[in-house]
Structure formats: structure tokens, C-alpha cells
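Morning, everyone. Please put the structure up on your screens.

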Amino acid sequence: MTSVLYDVPGPKARLYSLLGSAAGILIILGVLAIAVTTLAQQGIFDADRWEIFYGPLAPDVWSLIGQGILSTLAAAAVAAVIAFPLGIGLCLLRISLIAWIRIPTQVVLEFLRGMPVVLMMLFVLLVFATGQFQAVVVGLTLYNAAIFAEILRAGIQSLPKGQREAGLAIGLRSFQSRMSIEFPQAVRRMLPSLVAQLVVLLKDTSLGYIVGYEELLRKIQIMADFLGPDFLFPAFFVGAAIYILINLTVSRIAILIERRGSKKAAGGVAPPSLRTGLVVGGNDPVAKDSVEGPDKK
Amino acid sequence: MDAVIASLPEYWDGFLRTLYLSVISGIIALLVGTLLAAMRVSPVAALRGFSMFYVEVARNTPLTIIFFFAAIVLPRLGVKFEQFEVAAIIALSSYTAAFIAEAVRSGVNSVPVGQAEAARSIGMTFTQVLGFIVLPQAVRTVIPPLINILIALVKNSSVAGAFFVLELFGYGRQLSNDYGDQVLWILLGVAFFYLLITVPLGLLAHFVERKVAIAR
């Protein structure tokens, strides 16, 4: 890696770097070795501990896990689908020209954003006496709609003033200009943030565990309770791995969208190495004052 | 309403414990996160790789899973904690550190290359470039997102309430059991105490953002 921070390393520096790498790897391996031996002493690696995943019980175990994944994804999907339009609505109210619409919306948004999601879930669950699924979905929806609204507002504010002025000048009403000129561009600019928020939403479905929604983690616990404490670690290990894999996949998609989006930004200036240390000037693609014609869509 | 007034001592205790969890985990996360960010830009490949792996995995793991691991799985593997607070602090700080590392790194990235190049060309060393030129400029861009991460940390500490720590959310669950007929007020009370921390922090972030904003 070349960097403007330091000179290209000479033979001495390269040797130090090599020694440093070796020492770093040794330390990390050492910690891993301690962890693995501790686990081995507990008999974690005995085959019978993992038998639940391929032995006679395997179909039941996997079907439980499958149900868990499905309910996790279902809650996330329903919440995302409702939260997005709701976020657009809240954003419209938030940037309204009329003070008595704008200010109360601002208060509501601050309230929703300052609240732990799990508290909202518990609130819905206990106060409205709904089922767990509804509680999880409503909690996630309210919170994420507020975040979507703020992201979209930031997107609209980052647009050049001329966009709205031009819209108004050709005789569009304020609302028409918002919907047909500003929102499409704001959504486009903020797509990376919006998708990143979707990953957060997906992660937050695991809070359903706390309010008793039978998502993946709860299923894992039910399974471990049923099979006995010996199987807690294997069950947890597999469950956590599945969760992380799903999230990593969605994150990857988010990064792909981000790359695509930044390549399409005006002038085609893509900051491809934003993620690789201090190599680029790293201008935020969002902050750049670009004007995009609607024909580029 | 009277249930809220009757349980003010519990609220206060929970409020203090939420603050305690957030402050301790926040400090640890800031230290570890900055260290991870430094590893990420360091010339040593192994450190870079480790930092990248850690950040990527921690950011994509739900906090509940980390808590579950620290509070339920670890004790069964023989790692026992005196208090569940310790498990909560480990979970919160290891999760938050990844986000702090990302914020610090993107702050360093936001400083135009020309700045570092200019500093290099007048003969400054690595430490001088970082200490006098890059970091002072990076800090300005980093502070607002850092405050936002800390706000998220305060909110995330509520997950500890589900794992045997009696902080605000934990008391909220307990009290709404005790006063089944006044759940609405009990939970609004909990919400109020959370807002007491998060709203001032949010205002601070806004203020700092305007104060240190630099036009580039």
C-alpha cells in the first residue's frame, strides 16, 4: 500500500514491518489457541455435540432454524416495506413550509430517534396488547421511518437550490416540485445510506428476542433448552453464523449499490478507494455539488 | 401517573446504571476503536487484516447476539462474571468499537491528500504529518458522527436490560409487571429518562457540527 503519510518503506522498514506482521499474527494465533483449547477442554469439539445437525434429530433442528430465519426475514421485510413510504411522508411533513406542520413533526422525529427500538417494541406489546410479531414490526417501522425521513431530508438539502427554483419557475407547485424533481434525486443520492439503514433494520429484528418474538435467536435458545445445556454452544454457533452471513450479504449488496451510484454521479468521478486508507482525497460523493439531469436516469 | 412517582427511586437507580454502562463502554470503545482505526492504516499487513476482519464481523452481528454470547454462552463455557454488568460492558464496547473505528478512519480519509502531500513536501515526518496536519483536521469531521455513535450506544445499552442488568429498560420491564394497569405511564417514564440523555447529546452533535463545519 502506498500512502502519502509515509515514504515508500526501505529495506529496514520492510524488515520491521515483516517482524511486526509476524508478531501480530503470533499474538492473534495465541489468543485463538487459548480460546480453542479452553473450548476443547469443555468437549465442544466432540462429535456428539454437533450430532444435532446431522444425526437423527437433524430434520427437526434444521426446520426450527428455518422457521427462525423465515420469521426474522418476515419481520424485517414487512417493517421495511411500511417504513419507507412512511419515511417519505414524514420527510414531506418535516420540510413543509408551514410551521405548525413542520415543528410538531420535528418533535415527533426527535422523540422516535432518541428512543431505544426495544423500548418501542415493549411499549406496543404491553400498551396495545398486540402479538409479538406486530410489536416487533411496529417498533422497527416507527424507528426506521424516522431515520429514513432524516436521510431523505439530508438528501433534499444537499441538492443545488436551482433544482427547486427551476421547478417552481416552470410553474410546478411546491408539492409537485418535491415529488417529481427533488425526491427522485434525493433517493438516488441517499441510496447507499438507505440500504445501510436496511442492514441496521435487519440486525434490529434480533431485538424481537427480548419481547419474545420467535425469531432465529429465540429458536436457538428454545432448541438449546430442549436438548440440554451441552448443545447451547453448537446451536448458538450455527445461529450466529447464519445471522452474520445474511447481514454480510446485504452489506455487500449495499456496497455494490454504493459503488454503482458513485460511478454514475455527475462527471463520472467515482471515489473507488474510499475504503482503503488514506490514499484518496475521499470527497463524500453525497456532498459533491452535482447537477443531474433527469435524462441520465 | 402515581406509579411513576412511587417508583422514582427505581427510575433513578436505572438511570444511573444506564449512564454508568454507557460511559464505561463508551470510553473503552473509543480507545479500542481508535486503536483499530490506527491498525487499519498501519503499514503492518497482519494488523490491517485483523482490524478489517474485526470491524466487518462486529458491524454485521446483531447486538443481541453479542449479548447472548457474553451473558449466556460464555458463563456456560466457564467464563464467569461476578456481575452481569461486566458482560454487558464487554458486549457493548466490543460492538461499538467497530463503529468508532469506521468513523475515525473515514475522518482520516476526509482530509484532502494535498494537505498530507504539502506537509510531506516541507519535510515533516510521519508523526508530524499525522499529529499536526491530518488528525487536527480529521477530528472536526469525526466528532459529530462520534457523538451519534455514542447516542446509539446509550440506546443500545437498553439491550442489557434483557440480560439480567437492571438499568432503565430492565426496570421498565420489572415495573410494568408490578403496575400492570399503568404500563403506559411507566414506559413513558422510561422513555423520558432515555430522552434526558439522548436529546442533549443530539443537540450537542448539531452544535458541534455547525461550529466546526469547514467548507471544502
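Which helices each supply at least two residues to the lining of the second largest pocket? From chain A, take helix 1 (11–41) and helix 10 (232–264). From chain B, take helix 2 (8–41), helix 3 (45–59), helix 4 (63–76) and helix 5 (84–109). Keep in mind that this is a predicted model. Helix 10 of chain A gives the largest share of that lining, eight residues.

How much space lies in this pocket? About 1,600 Å³. The pocket is lined by 34 residues. Closest to its centre are A:Leu32 and A:Ala35, along with B:Tyr54, B:Val57 and B:Phe69. Now sort the lining by type. We get 31 nonpolar residues, three polar and no charged.

Next, the pair of helices. Find helix 4 of chain A, residues 99–113, and helix 6 of chain A, residues 132–158. Their axes are 9 Å apart, and the two pack at an angle of about 120°. Helix 4 and helix 6 of chain A are therefore oblique to each other. Their crossing is left-handed.

Which residues meet there? Helix 4 of chain A brings A:Leu109, A:Leu112 and A:Arg113. Helix 6 of chain A brings A:Leu142, A:Tyr143, A:Ala146, A:Ile147, A:Ala149 and A:Glu150. By type, this contact has seven nonpolar residues, no polar and two charged.

That's my part. Over to you for questions.

Technical notes
Residues numbered from 1 in each chain as written. Chains lettered and ligands numbered in written order. Predicted model: local features only at pLDDT ≥ 70, side-chain atom pairs only at ≥ 80, totals over all residues. Heavy atoms only, no water. 1 Å grid on protein atoms, 1.4 Å probe; cavity = no way out; pocket = protein on both sides within 12 Å on 5 of 7 lines; lining within 4 Å. Points joined across faces, edges and corners; volume = space filled by probe spheres on them. Helix = DSSP H or I, 4+ residues; strand = E, 2+ residues; numbered from the N terminus. Nonpolar A, V, L, I, M, F, W, Y, C, P; charged D, E, K, R; others polar. Axes fitted to C-alpha atoms, helices over the stretch in contact; angles between N-to-C directions. Parallel < 35°, antiparallel > 145°, perpendicular 65-115°, else oblique. Left-handed = near helix turned anticlockwise from the far one by under 90°. Contact = heavy atoms within 4.5 Å.
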